[in-house]
Structure formats: C-alpha cells, structure tokens
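Please keep the sequence and the structure open while you go through them.

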Amino acid sequence: MFLENVVVDSADPGRLGRFWERALGATTLTDEPEGYETRLAVEDGPVLDLCFQRVEHPSSAAPRLHLDLFGGPDRDAVVERLLALGASHADIGQGDVPWVVLADPEGHPFCVLEARPAYRDTGPVAAIPVLGGDPERVAAFWSELSGWQRYDGVEPVSLRHPSGRGLVLEFFPEDEPKRDKNGMHLDLRLEAVDDRDAVFARVEELGARRLEHDWGDLPWTSFTDPAGNEFCILPASTT
C-alpha cells in the first residue's frame, strides 16, 4: 500500500478546497459539488492529494489530526498571505508558543511553524500531527502500512517518506478519549499486486478494526487505527 490522500470533511468543499489549494500552491484534480481534490507534489518526494468531501454535519470536536505549515524565516509573511486568503487567527489554548495558530475558512485550526532544521525539504506542509494512543505503537502501525520510515524529527515519534522529503507524520499521546468522528483522516491505496483479503487480515492483526457505518456501498473500506483514528484503504487503481 501507499499513502495517497489527506481527507477533510467540509460543509462547502469547493470553497475550502480552493482556499487550501491557493495556500499550498497545489494543483486541481476534481472540482465537483460533493468533493474538491487538489494535488500536493514535492520534488523527488511523495505526492499527496488533499480531498475535501461534503458532509452534512462536520465534526466540531478538537481535531486529532491537523496540518502544520512550513513558515521558516518568512513565517510572518506566510501568515499575512494566509490571512489575506481567508484564514483567521485562532486561540486553542496554545499560550506563548513560537508558532502561529490560524483557522481555515471553516474553522479547522492549523499552525504555521517557525524555522526548524527537522523540516528541511518538506514543501509547504511541514507536518501532520496525529493524536491518540501509544505513539510508538501507532507509528509502527502506520510505518508498516505506508512504508514511511522512522525519522529523527522534533516530536516523540516521527515518520517520513523514504525519500527523506515531504511532510513529517508526528505521533502524540492524547489525554482525553476520542468523542466523535475525526474531521480529517488519511487514505491508503492498494497496489495492483496486493492481495486485498490478506492485506485486510494483516491490518487487523496489527491492531486496526473494521469500521461499521451506514454511509452506503462504497468502493473503499474503512478502519480505525490502534488509537481509534479513522482511515480508509482504497482499491488498487485500474489505470
């Protein structure tokens, strides 16, 4: 399998997708009423698609996944550009920190980070922090599924694409239990050579659980990881 999508629940996918596309310099893939997709490619590194899907009632719970953007030495200029695009300042109890917390047009919080050596060659998204469970166990789970490798980042456990480029996945414990469906999740896609049933059995052996839902007949299969965070496994591409 490989990591393909970052999926965000949205009340207005087009509006939100266009904001993030301009913010990150990504490229439009799909612009439809029920979903907006834009591609973020890092030279000689991973290609990830940001997918904004329409949901009737997006979660208002504190996010367990969010985007950390690369600000670097020009962080303040990056912040001003994002504000001009439609972001707003946000207070999530961060206190006095060296990064800036903003919210996108639908209120999803994200951070703009100061310069850090760990975020060289990331592109516009420096990291995706993932909360919940035992960071070592959850990181090991995601490493086996995605092929991303342990990385000496700035957080307790980090993973990065084997190229050493692109964003960093960072894993944190969480004090409070999960109370609602995540508003952001990750998608993996099977390779053509993968045995679907064998992969699903291995995923469950590693601590995932099949997610029961009433969302209709879908071409992908939904799970939760060992920390209870939702993710999907997409069928192998036919093209």
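1. I begin with D121, which sits in the loop between β8 (109–113) and β9 (125–131), where helices (H or I, at least four residues) and strands (E, at least two) are DSSP runs numbered from the N terminus. Although D121 is not a glycine, its phi is positive, at about 60 degrees. With 40% relative accessibility D121 counts as partly exposed, given that buried means under 20% relative accessible area, exposed over 50% and partly exposed in between (1.4 Å probe, protein chains only).

2. On the source: this is a predicted model, in which local features need pLDDT of at least 70 and side-chain atom pairs count only at pLDDT 80 or more, while totals for chains, interfaces and linings use all residues. Residues are numbered from 1 along each chain as its sequence is written, and side-chain values use heavy atoms, with hydrogens and water left out.

3. Most residues other than glycine have a negative phi. D44 counts as exposed, at 63% relative accessibility.

4. The sheet is open and made of 8 strands in the order β2-β3-β4-β1-β13-β16-β15-β14, with mixed pairing; two strands are taken to pair if DSSP finds at least two bridges between them. At the edges stand β2 (27–32) and β14 (209–210), each with a single partner strand, so one side of each has no neighbour in the sheet. The partner strand β15 (residues 221–224) runs antiparallel to β14 over 2 bridges, and R210 is placed opposite F223 in β15.

5. Which strand is largely enclosed by the rest of the structure? Strand β13 (residues 184–189) is, because 6 of its 6 residues are buried. Strand β1 (residues 2–10) runs antiparallel to β13 and is joined to it by 6 bridges, with V7 opposite H185. Strand β16 (residues 230–234) pairs with β13 in the parallel sense over 4 bridges, and there L186 stands opposite F231.

6. Helix α3 (residues 135–146) lies across β1, β13 and β16 and runs at about 35 degrees to β13; axes are lines fitted to C-alpha atoms, for helices over the stretch in contact, and angles run from 0 to 180 degrees between N-to-C directions. Contact here means heavy atoms within 4.5 Å.

7. Helix α1 (residues 13–24) has its end C-alpha atoms 16 Å apart, which agrees with the 16 Å that its 12 residues should span at 1.5 Å a residue, the expected span being 1.5 Å times one less than the number of residues. The helix α1 is mostly covered, with 9 of its 12 residues buried, among them L16, F19, W20 and L24. Just after α1, G25 takes a positive phi of about 70 degrees.

8. Finally, how many cavities of 30 Å³ or more are there? The count comes to 3, a cavity being a set of points on a 1 Å grid over the protein atoms alone where a 1.4 Å probe fits but cannot get out, and lining residues having an atom within 4 Å of a point. Grid points are joined across faces, edges and corners, and a volume is the space filled by probe spheres set on the points. The largest cavity holds about 50 Å³ of space, and its lining includes L40, V42, T122 and V125.

Conventions:
1 Å grid on protein atoms, 1.4 Å probe; cavity = no way out; pocket = protein on both sides within 12 Å on 5 of 7 lines; lining within 4 Å.
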